[in-house]
Amino acid sequence: MFAAPQAEAAMEAARSVRIYTEDFAPFNYTTDTGLTGAGADVVREMARRLGHDGKFEILPWKRALQIVDDTPGTAVFSMVRTAEREPEYKWVGPIIVTRGWLYKMTDSDIDIRGLEDARKVAAIGVQAGGAAERILHEKGFKNLASLYTPGNALQLLASDRIDLWEASDLVMEHQRRKFEIDPSEIEPVIGLGTYELYLAFSPQTPDFVVAPWQRVLDELRGDGTFAEIGRKYGVIIPSEEAEVLSDGDINLMTR
């Protein structure tokens, strides 16, 4: 246990963490009323309970990662937790659970039955700096199209500017509605597994700064706030009783 002055110093450090995110619906995105989304609402409520000011800076994902990689007392959300990233951050979560796919347009004449077929297409759209870009590159994929504005990725797919699109089911559904594309016009062709998204702290951040954030997240899980946010956005936010979902054969995700 901390002595009282030490405990207060730890809490003050936790309240002073600088938090970054990106504009990427439906997890965290800007509207006329400010930052919203399932991830944003969860982390904002965590911040409120800690006494943090709840001010999150919105940056391109690669820039946010550069800051958090190098700067103690910083964190970023919503980040998928992968084996490759495990030692690179300190993790609080999960805040959201979702499933990743490779999608194609239904009227495309591309025949995709597995990852080897996916290697042969001209371009697979992946988020620049995201886990999919990193891991597919490590697996030898030479046909990745890095998307720096992933919010319009489905338009790129629909206009044949990319052949396949790596995205979560939640992101796909959000963009499908946004661009008024009928469900019959797009189909998943390769399932990439179920993934958990986290609030990820810089590795230099002391454990005593990270721990209060996990504690308030556990409180949200226990008092029903998670379930309430999940209903609002239609995403899976695990509760105490939720089944832990395992990764697929390939550990990919869009962030």
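Figure 1. Thr205 is placed in the loop between β10 (186-201) and α8 (207-223); helices (H or I, at least four residues) and strands (E, at least two) are DSSP runs, numbered from the N terminus. Thr205 has 0% relative accessibility and therefore counts as buried, a term meaning under 20% relative accessible area, with exposed meaning over 50% and partly exposed in between (1.4 Å probe, protein chains only). The side chains of Thr205 and Ser202 are joined by a polar contact of 2.5 Å; a polar contact is a pair of N or O atoms within 3.5 Å, where, within protein, one must be able to donate a hydrogen and the other to accept it, and residues adjacent in sequence count only if both atoms are side-chain atoms. Leaving aside residues up to four places away in sequence, Thr205 touches Pro72, Gly73, Thr74, Lys90 and Val210 (contact: heavy atoms within 4.5 Å).

The model is predicted: local features need pLDDT of at least 70, side-chain atom pairs count only at pLDDT 80 or more, and totals for chains, interfaces and linings use all residues. Residues are numbered from 1 along each chain as its sequence is written, and side-chain values use heavy atoms, with hydrogens and water left out.

**Figure 2. The aromatic pair of Phe24 and Phe27.** The structure holds six aromatic pairs. For Phe24 and Phe27, the ring centres are 6.2 Å apart and the planes stand at 40°, so this pair is tilted. Rings of Phe, Tyr and Trp (its six-membered ring) pair if their centres lie within 6.5 Å; planes under 30 degrees apart count as stacked, over 60 as edge-to-face and the rest as tilted. Phe24 is buried at a relative accessible area of 3%, and Phe27 is buried at 0%.

**Figure 3. The aromatic pair of Phe56 and Phe77.** With ring centres 5.4 Å apart and planes at 80°, Phe56 and Phe77 form an edge-to-face pair. This pair links distant parts of the chain, 21 residues apart: Phe56 belongs to strand β4 (residues 56-58) and Phe77 to strand β5 (residues 74-80). Phe56 is buried, with a relative accessible area of 13%; Phe77 is buried as well, with 0%.

**Figure 4. An aromatic cluster and two arginines over rings.** One aromatic cluster is formed by Tyr89, Trp91 and Tyr198. Arg81 lies over the face of Tyr198, 4.9 Å from the ring centre. Arg99 lies over the face of Trp101, at 4.8 Å from the ring centre. A charge sits over a ring if NZ of Lys or CZ of Arg is within 6 Å of the ring centre and within 35 degrees of the ring normal.
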